[in-house]
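Let's take a walk through this protein, helix by helix. Have the structure open and follow along.

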Amino acid sequence: MSDLSATASPRDILARLVAFDTVSSKPNLPLIEWVAQWLAQSGIEAVIVPGPEAGKAGLYAHVGAIQDGGVLLSGHTDVVPAEGQAWATDPFVLTERDGRLFGRGTCDMKGFVALALWAMADAARGGLVRPLQIALTWDEEVGCLGAPDLILAMQAAGFPKASAAIIGEPSQMQVVTGHKGNLGYQIHARGYEVHSSLMHTGVSAVMESARVINWAHARNRENAQHTPSGTAGLFEPPWTTLHCGVIRGGTAENITALDCDFGFDFRFVPGDDIPGWKRRLQDEIDRIGAEMAAVRPGTGFEMTQVFWVPPLEPEPGGGAAEALARRLTGDNGTHVVAYATEGGQFQEAGYSAVICGPGNIAQAHQPDEYLSLDQLDKGWCFMRTLLDELRA
């Protein structure tokens with residue numbers, strides 16, 4: 001039995017969700033099990049999907065006739081760390097101050113999850129002509145790792161396919177129809193140690209890695225010179241970017257580095273040649289690696305893909321999800337975002353998808369993260385209007 005009434009308000013649900021410490025490095029299963037118990041009070045049977053790592057899981061559920069054509073509300077349950085940030089309040093206790101609800105995940109994106117749960121419970125009270133669904137994922141914050149497995153589980157179970165998927169990342173309740181894709185690698189360089197006075201006889205893993213990073217710098221400069229076309233021109237910046245954020249290697253200043261590890265990622269504008277970029281990176285890795293091996297056999301690079309999040313592309317003619325979200329919000333503007341979301345993964349799986357949720361991404365991941373009461377109210381209005389449409 002859940003510790004919260006089935007008729008609880010979105011704010012009360014949000015307070016309960018924030019109390020779960022679901023930082024991505026920790027289990028989210030307690031939150032998922034609580035959600036399943038809370039939904040069960042309304043007669044909703046949720047299916048829990050275990051993740052590949054112990055303590056990680058997702059969930060999906062359905063209200064209404066067992067048929068395709070409904071609306072899917074989707075959100076992630078993990079949050080970024082609060083440790084090391086200067087919080088004025090306990091990040092895992094929902095705290096109201098000056099019209100804002102503070103707490104880790106309030107904005108990104110437990111506020112939307114609370115609203116979606118409220119809508120599911122209200123939908124279970126009857127009257128639906130079209131079904132309503134919810135899907136909750138894990139490990140979004142570390143590369144959108146959970147959504148593909150959850151979608152595959154839904155498909156394998158014959159879960160009815162919604163005609164529209166609303167992914168509730170913070171967009172200030174604006175209808176976001178496009179975002180960049182994100183492809184990430186972990187790259188390991190293996191060098192050969194010698195005294196740095198004889199560096200020509202060794203191979204520095206650090207310096208050879210820097211050549212790959214310099215190659216990325218050059219590509220960024222080239223990309224910035226191109227005139228964007230189509231959807232790409234809506235983004236800031238309106239080009240594909242290449243980035244290295246963390247690099248570690250070497251043992252001493254006077255020794256050529258034996259090992260070096262660095263992360264490398266692309267952020268693709270929709271419509272860019274993603275396979276082409278993958279080949280170009282691999283070709284550069286192979287070229288530099290061959291030069292390393294010519295000095296010392298056995299040196300070179302190993303590259304492992306760690307995440308892939310496809311771009312969300314505006315759908316021809318708008319698409320069912322965009323049309324629905326525009327009717328519900330009255331927003332007719334054109335909005336895209338540079339960050340990646342699970343929306344691209346749902347779209348890749350054949351769903352019509354948009355991003356629309358309460359909160360401002362500028363508050364996400366920050367100390368004293370908050371969701372304004374005004375944004376929570378706008379999200380609640382969105383859900384009530386959605387239910388009216390599903391019952392019409």
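This is a predicted model: local features need pLDDT of at least 70, side-chain atom pairs count only at pLDDT 80 or more; totals for chains, interfaces and linings use all residues.

Residues are numbered from 1 along each chain as its sequence is written, and side-chain values use heavy atoms, with hydrogens and water left out. Helices (H or I, at least four residues) and strands (E, at least two) are DSSP runs, numbered from the N terminus.

Start with helix α1 (residues 10-18), which packs against helix α3 (residues 106-123) at an angle of about 130°, their axes 8 Å apart. The axes here are lines fitted to C-alpha atoms, for helices over the stretch in contact, and angles run from 0 to 180 degrees between N-to-C directions. That makes α1 and α3 oblique to each other; angles under 35 degrees count as roughly parallel, over 145 as roughly antiparallel, 65 to 115 as roughly perpendicular and the rest as oblique. Which residues do the meeting? From α1 come P10, I13, L14, L17 and V18, and they meet T106, K110, G111, V113, A114, L115, L117 and W118 in α3 (contact means heavy atoms within 4.5 Å). By class, the contact of α1 with α3 has ten nonpolar, two polar and one charged residues. Nonpolar covers Ala, Val, Leu, Ile, Met, Phe, Trp, Tyr, Cys and Pro, charged covers Asp, Glu, Lys and Arg, and the others, Gly among them, are polar.

Now stay on α3 and look at helix α9 (residues 373-391): the two pack at an angle of about 30°, with axes 10 Å apart, so α3 and α9 are roughly parallel to each other. On the α3 side, the residues in contact include F112, A119 and D122, while the α9 side includes W380, M383 and R384. This contact divides into ten nonpolar, one polar and three charged residues.

While you're on α9, find Q375. Is Q375 buried or exposed? Because its relative accessibility is 9%, Q375 counts as buried (buried means under 20% relative accessible area, exposed over 50%, partly exposed in between, with a 1.4 Å probe and protein chains only). Leaving aside residues up to four places away in sequence, Q375 touches Q172, M173, G357, P358 and G359.

Last stop: helix α4 (residues 146-156), whose buried residues are G146, A147, L150, I151 and M154. L152 and A156 are exposed on the other side of α4. Among what covers the buried residues are β1 (47-50) and α8 (343-348). Just after α4, G158 takes a positive phi of about 70°.
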